[in-house]
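Please look over the sequence and the structure that follow, and then read the briefing on what the protein chains touch.

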Protein chains: 2
Amino acid sequence: MSNQEIGFGDRCDPVPLARPALTADEAAALAAGFKAVADPTRLRLLSLIAAHAGGEVCVCDLTSGFDLSGPTISHHLKVLREAGLITGDRRGTWIYYRIVPSALATLAQVLAPAADLEVSA
Amino acid sequence: MSNQEIGFGDRCDPVPLARPALTADEAAALAAGFKAVADPTRLRLLSLIAAHAGGEVCVCDLTSGFDLSGPTISHHLKVLREAGLITGDRRGTWIYYRIVPSALATLAQVLAPAADLEVSA
DNA sequence: CGGCTGTTTCGACAGCTGTAAAGATAGGCG
DNA sequence: CGCCTATCTTTACAGCTGTCGAAACAGCCG
């Protein structure tokens, strides 16, 4: 269980937010992805993992930066994992987490069109 | 009360998700924005409003596309309004809602860097 | 085996989602 | 002018989901 279980990207439909309105099915899939990001702790976890770029970040490096207990961090990592936003590889005693760029790209590309409606300044 | 009450964009810091890790304060502000989008109904509402591009969408046009009651739609619109993602202008009996592109852009730009770590295809 | 790392299970608490009923605002008609 | 209708919002309340921590469990190394 070191790979993502599910993924809203499975629909293979990079439908933008504007122009063709989202169907209820597409909205549900995307909402699941956004829901995983809609939490300060998970957003910060994602940020810490992404900041390493190379990717491999040990969980022990993550827990030290929060005021939360170990199990709670593990829970949030599981949510991100099941959303397909990160993957965890076990290397001996430690487990290293990595970002899944395509999943993040899908979410970003959904918001981008609506953000570019008439903004310029 | 026809304008957005608050906005995570108030921080005026378009901090990307990668490189400089998010602080707890930035993460909390951004999470509030994502939380407003992390719902199938709100995502679809946002999509319907954005699809009109011109912007002005009457609430009566929105409720007809859902299996939800009026008050529920109004509640979700309020959430989006308080998140600063949309604005509502009253024109007589009807209220027309409009997208706030800059708010959507802020969210999209947060995910973009992490999505562009090594993805290319 | 003993210690370490990370996860899972279980329970409590807070917050969110949805509906019904009542309240505010604008326009039409007798 | 008074009252009604229509649109949208707010309030109050049931049901559900999500967040968090203490304790217990699983994988790895010396």
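In this predicted model, a backbone N or O atom of Cys60(B) lies 3.1 Å from a phosphate oxygen of DNA strand D. Local features here need pLDDT of at least 70, side-chain atom pairs count only at pLDDT 80 or more, and totals for chains, interfaces and linings use all residues. Residues are numbered from 1 along each chain as its sequence is written, chains are lettered from A and ligands numbered from 1 in the order in which they are written, and side-chain values use heavy atoms, with hydrogens and water left out.

**DNA strand D**
- Among the atoms of DNA strand D within 4 Å of the protein, 80% belong to sugar or phosphate, the rest being base atoms.
- The surface near the strand (a heavy atom within 4 Å) divides into 10 nonpolar, 8 polar and 4 charged residues, and α4(A) gives the most to it, with 4 residues.

**Chain A and chain B**
- The contact, meaning heavy atoms within 4.5 Å, takes 39 residues from chain A and 39 residues from chain B.
- The buried area, which is the accessible area (1.4 Å probe) lost on putting the two parts together, summed over both, is about 3300 Å², and carbon and sulfur atoms give 78% of it.
- Between these chains, 2 residue pairs are in polar contact, both at pLDDT 80 or more, where a polar contact is a pair of N or O atoms within 3.5 Å, one able to donate a hydrogen and the other to accept it within protein, and residues adjacent in sequence count only if both atoms are side-chain atoms.

Notes: Helices (H or I, at least four residues) and strands (E, at least two) are DSSP runs, numbered from the N terminus. Ala, Val, Leu, Ile, Met, Phe, Trp, Tyr, Cys and Pro count as nonpolar, Asp, Glu, Lys and Arg as charged, and the others, Gly among them, as polar.
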